[in-house]
Amino acid sequence: MSEKKIIVDEATIDYEGLFDFVELYGLIDRFLKDKDYDKFEKKSGEQVSEEGKHIHLILVPAKWHSDYVKKHLKIEIIARNVKEVETEIDDLKVKLNKGTLKIMLSGILETDWEGRWETRPIYYFLKKVYDKYIYRSDTDNFSAEIKEDVNLIKDQLEGFLNLQKFKQRL
């Protein structure tokens with residue numbers, strides 16, 4: 001069984017107002033493609049009520065570095081009371097979504113994801129020695145990369161949502 005180390009634990013973005021959900025999803029998709037992550041949708045759900053749509057989406061993109069190390073990001077999007085509204089931006093009518101968004105971002109480093117080093121007790125011991133003394137600098141580099149990726153996508157999402165606030169004022 002693999003070992004998972006949580007590097008970034010739920011960096012949160014809260015937003016209320018107008019936004020384009022399709023464009024938000026496209027931003028996340030482009031980021032993952034640029035960083036060579038394979039996208040996996042763990043959960044995708046939508047409920048419609050009188051207040052509006054409630055959308056819950058969990059993405060768990062992964063990036064394999066070797067047979068031993070794999071990086072994960074966890075992107076959880078919860079949108080509540082989402083309604084489609086029509087607004088004018090630069091004298092053009094545009095359909096946007098209005099509601100509240102909560103985006104939670106996590107970064108996880110997974111070692112021995114194939115479970116090869118846990119078949120015998122001596123292998124498990126050697127794995128611990130290998131992790132602690134030989135592979136430590138590489139593990140630290142991968143951890144720094146995960147932090148950088150989470151911070152970068154968080155900054156891009158915050159920038160996108162701030163731009164949406166700016167568009168509202170026009």
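Which residue in S3 is the bridge partner of Lys43? I looked it up: Lys43 pairs with Ile58. I note that this is a predicted model.

**Entry on S2 and S3.** I next checked how these strands run. S2 covers residues 41–48 and runs antiparallel to S3, with seven bridges joining them. Four residues lie between the two strands of this hairpin. I looked at Gly52 there and found a positive phi near 140°.

**Entry on S3 and S5.** I then turned to the other partner strand. S5 spans residues 69–89, and S3 pairs with S5 over six bridges in the antiparallel sense.

How many of the seven residues of S3 are buried? I counted five, so I call a residue buried when its relative accessible area is under 20%. S3, residues 53–59, is mostly covered. I also jotted down a general rule: side chains in a regular strand alternate between the two faces of the sheet.

**Entry on the largest pocket.** I looked up its volume, which is about 260 Å³. Strands S1 (3–19) and S6 (92–111) and helices H2 (121–134) and H3 (136–169) each give two or more residues to the lining. Among the lining residues I found Glu3, Lys5, Leu109, Thr111, Asp131 and Arg136. Which classes make up this lining? I wrote down seven charged residues, two polar and one nonpolar.

Key. Residues numbered from 1 in each chain as written. Predicted model: local features only at pLDDT ≥ 70, side-chain atom pairs only at ≥ 80, totals over all residues. Heavy atoms only, no water. Buried < 20%, exposed > 50% of the residue type's maximum accessible area, 1.4 Å probe, protein only. Pairing = 2+ DSSP bridges. 1 Å grid on protein atoms, 1.4 Å probe; cavity = no way out; pocket = protein on both sides within 12 Å on 5 of 7 lines; lining within 4 Å. Points joined across faces, edges and corners; volume = space filled by probe spheres on them. Nonpolar A, V, L, I, M, F, W, Y, C, P; charged D, E, K, R; others polar.
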